[in-house]
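Hi there,

Here is the structure I promised to pass on to you.

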Amino acid sequence: MKLTNQHIDFIEKDLQYRGLVYEPLGGEVLDHICILVEERMDSGMRFIEAYDKARKLFGGTENIQKLQSKTIQLTTQSTKIMIKNYLKIASRNLSKHRFYSLINVTGLAVGIAVCMIITLFVVDELSYDKHFKNSDRIYRVIGNHTFNNSVFNSALTPAPLANAMVADFPEVESSFRFRNAESIIFVKGNESFKEEDFAFADSTFTNVFGLELISGNIKTALTHPQSMIINQSLAEKYFPGEAPVGKTLTSSRGTVFQITGVYSDFPDNTHFHYDFLISMASYSRANNDAWLSNNFHTYLLLGERSDPKLLEEKFQGMVEKYIGPQIKEYLGLSLDEAAVTGTKSSFELQPLTSIHLNSDLSVEIEPNGDLAYVYIFSSIAVFILLIACINFMNLSTARSASRAKEVGVRKVLGSYRSHLIKQFLTESILLTFLAIILSLVLVTLSMDLFNDLSGKNLSIPWASDLLIPLMLLGGLMLGVIAGIYPAFYLSSFKPINVLNGVFSTGSQGSFLRSSLVVIQFGITIILIVGTVTIYRQLNFIQNKNLGFDKEQVMVIHDAYLLGNQTVSLKDELKSLAMVKSASLSSFLPTSSARSDAVFFTLENISEESGVGMQVWGIDYDYLETMGMSIMEGRNFSEEFPTDAQAMVINQTAVKAYGFDNPIGKQVGSFFWDPATGDINRDSVIVNTIIGVVEDFHYSSLRKNIGPLCFGLRSSAGYLSVRFNSRDVQDVIQKVEGKWKEVGPNQPFAYSFLDQRFSDMYFAEQKIGKLFFVFASLAIFIACLGLFALSSFTAEQRTKEIGVRKVMGASISSIVMLLSKEFGKLVIIAFVIAVPFSIYAVQTWLSQFAYKTEAGPGIYIVAGLLSFLIAWLTIGYQSVKAARSNPARSLRVE
């Protein structure tokens with residue numbers, strides 16, 4: 001007797017109530033019991049009696065659980081067999097089509113490798129200073145100063161600021177200062193060693209940054225004068241195999257420093273890398289009360305519940321309390337009166353972890369990175385990976401005709417579409433994991449090259465517990481993303497059509513594939529435009545009239561080491577036939593050294609007439625040695641003793657003063673010593689303008705040329721030598737020989753002015769090289785995709801090509817026929833890419849005050865280059881199809 005639906009519902013609910021049925025195996029139990037009930041009802045039993053006996057006969061809970069356990073086991077075994085079968089078929093298909101598989105793996109591997117390298121770069125950039133114990137509570141104080149409406153944003157702050165922060169604001173737990181120093185010479189035995197990476201540091205350094213010493217007492221390490229802590233590298237350099245704590249180092253000036261601690265080298269991802277720190281108590285001007293002099297980098301450790309924004313709102317009161325009186329003393333104006341004339345000061349907090357990527361202030365400790373480049377390279381990684389995935393899709397669909405019959409036969413034999421989708425996704429995931437393995441090899445082999453180009457020291461984090469899980473998850477996701485479209489596309493073929501030879505890819509599929517190629521070459525064109533723009537800007541920088549001649553100038557460092565002999569060395573060098581001129585000065589057009597002062601016209605000693613200028617102390621030969629041109633007046637001369645109170649200004653300073661005839665004009669300054677902060681308002685320093693020098697670029701071309709003046713000063717930081725010999729090595733040997741005659745025990749160090757100028761643009765050079773590499777890789781991967789599409793088109797038009805050849809078509813006409821469609825795609829990509837390229841180029845060039853013209857030529861070159869590359873890629877398949885035997889083509893069709 002057949003059970004009704006009501007009977008079956010009753011049985012199912014009763015079994016569920018008894019806990020004997022659960023998904024997904026409940027159907028198995030229900031079917032068995034229903035069969036037993038029907039057998040008993042056929043023998044005349046009533047339904048309830050039959051069900052009760054059937055349930056008991058079935059064996060109750062124990063037998064049902066055995067059945068369920070067996071079913072689970074069979075299902076698991078079936079799943080394993082299915083997965084094994086998928087992998088076996090996928091391996092056979094990849095092996096059968098080795099050429100396409102190789103292209104697929106290569107394209108994906110290159111894309112994944114680029115993505116991995118850029119990811120390592122981005123992660124490193126974003127990790128700066130996060131390794132410090134209290135990094136989330138450490139802030140740097142930055143100063144924003146405006147004078148006469150000219151804005152100066154600086155990483156330096158006044159000496160008394162740190163203590164005032166702790167005393168006035170309970171939100172501040174501790175404060176700390178760095179005072180950068182230029183260089184020091186340590187003497188050990190008969191050897192001298194120059195050290196540059198060091199600073200004076202407050203004893204609270206360990207409190208703020210949580211620094212732990214390898215050896216030494218952390219509480220007293222930086223408390224006493226002439227005490228210092230050094231890093232491990234310096235410890236090994238000066239005291240190999242010894243315990244350095246308690247030992248001493250003596251400077252060339254006779255100062256003895258005692259080593260009180262050793263710390264681990266600062267990691268690369270830190271915005272400062274000092275080799276040693278000298279106690280601030282060793283710096284004589286550390287405790288001056290000058291609020292108008294900014295020479296210290298100040299850091300604060302805030303309380304755990306402190307709000308930095310609320311704290312910043314209180315800073316104006318501190319400005320009024322401390323800076324107001326000194327402004328009154330110096331300018332004779334109140335803060336409000338000074339603000340009306342465009343002069344004011346303020347402070348703000350900058351999170352420690354944002355310094356590297358979000359700070360480009362005056363007098364940074366080290367050159368920082370740029371968040372814009374993080375975004376740029378992240379976008380490049382995504383774009384190149386996208387190109388690789390598009391390449392995979394095009395290669396997969398290009399083989400659609402050869403796999404159509406496979407799909408048809410498998411569907412006829414009973415395969416569901418879902419099974420085919422799983423099969424194709426398995427192939428995609430398997431190929432992706434092969435690409436990941438190859439990409440790891442590529443990354444390992446290319447990491448040194450990337451580190452050289454980027455200035456980094458990156459490596460694959462093999463020891464990380466997250467590496468393998470991320471690789472597995474990334475491979476799975478990438479395999480699905482790259483294979484999802486081909487899987488659905490290939491599994492959609494109707495068996496009746498493909499088995500009857502009626503196979504068409506459809507206009508929708510053709511449009512999508514063409515769109516993917518447009519995206520590929522659009523991205524490629526943008527990268528080409530970016531690369532060309534960067535190199536054009538670098539070429540513009542190198543060839544621009546800088547206002548000085550950087551060629552054939554040798555710069556000898558630390559000339560002051562020779563003491564009173566520096567002038568003698570200069571004269572000795574000038575006597576060499578190859579030397580045109582030589583000059584002693586602490587200022588170069590390529591260095592960051594600066595000294596600022598405000599000069600007023602004597603006719604109007606007031607805030608309005610003041611001009612803030614850089615003040616460079618030079619000697620009589622400086623302008624000649626640097627190849628600078630006098631536009632009006634004259635240079636300094638020993639024939640005029642009054643030149644000691646004279647100055648030469650640049651053209652920008654003339655414009656700032658509004659002088660029609662600057663020669664003979666007098667300007668004065670209440671000049672304060674940047675080191676001591678002492679101001680004497682009653683004493684005006686008067687200088688007479690004797691000459692005007694042509695504007696020259698004394699800082700990066702990112703900034704406008706500002707007012708600058710030269711004055712005669714005794715300074716011996718650098719000894720610059722202009723020579724006229726092509727034999728550079730001979731010049732070096734003779735100059736070094738003269739140096740050793742005067743200072744035989746002093747280290748000789750030199751550089752060339754043109755190289756120092758080039759080093760100012762290291763970041764742009766680095767970006768240009770990386771852009772070139774990534775653009776080349778993007779072109780390579782895009783060409784693989786275009787190769788796939790041309791292969792697909794030639795395969796689909798085999799019969800048409802054969803008929804055309806039989807009808808007399810030439811090879812060139814067939815090549816043109818096949819190529820013009822792809823040419824259209826590249827043109828479309830060019831039209832779409834140009835607006836994005838223009839925006840990107842203008843945005844990047846906007847950071848330069850002096851820049852190249854981004855005319856239409858850049859975009860035309862990028863378009864033509866892309867078209868040429870595309871045509872060469874297509875040409876191979878087009879010529880191959882055009883030269884094929886028509887009889888064979890028609891027979892195949």
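A residue is called buried here when its relative accessible area is under 20%. Phe-696 has 0% relative accessibility, so this residue is buried. Please keep in mind that this is a predicted model.

Now to the rings. The structure holds 47 aromatic pairs. In one of them, the ring centres of Phe-178 and Tyr-299 are 5.9 Å apart and the planes stand at 85 degrees, which means the pair is edge-to-face. This pair joins distant parts of the chain: Phe-178 lies in strand β4 and Tyr-299 in strand β13, 121 residues apart. Phe-178 is buried at 0% relative accessibility, and Tyr-299 is also buried, at 0%.

Phe-696 has a partner too: with Trp-616 it makes an edge-to-face pair, 5.8 Å from centre to centre with 65 degrees between the planes. Here Trp-616 sits in strand β18, while Phe-696 is in the loop between β22 and β23, 80 residues away. Trp-616 is buried, with a relative accessible area of 1%.

Ring pairs also build a cluster, whose members include Phe-178, Tyr-299, Phe-132 and Tyr-274.

Finally, the serine: Ser-837 belongs to helix α26 (residues 811-845) and is buried at 1% relative accessibility. Leaving aside residues up to four places away in sequence, Ser-837 touches Ile-526, Val-529 and Tyr-859.

Best wishes

How values were computed. Residues numbered from 1 in each chain as written. Predicted model: local features only at pLDDT ≥ 70, side-chain atom pairs only at ≥ 80, totals over all residues. Heavy atoms only, no water. Helix = DSSP H or I, 4+ residues; strand = E, 2+ residues; numbered from the N terminus. Buried < 20%, exposed > 50% of the residue type's maximum accessible area, 1.4 Å probe, protein only. Contact = heavy atoms within 4.5 Å. Phe/Tyr/Trp six-rings, centres within 6.5 Å; stacked < 30°, edge-to-face > 60°.
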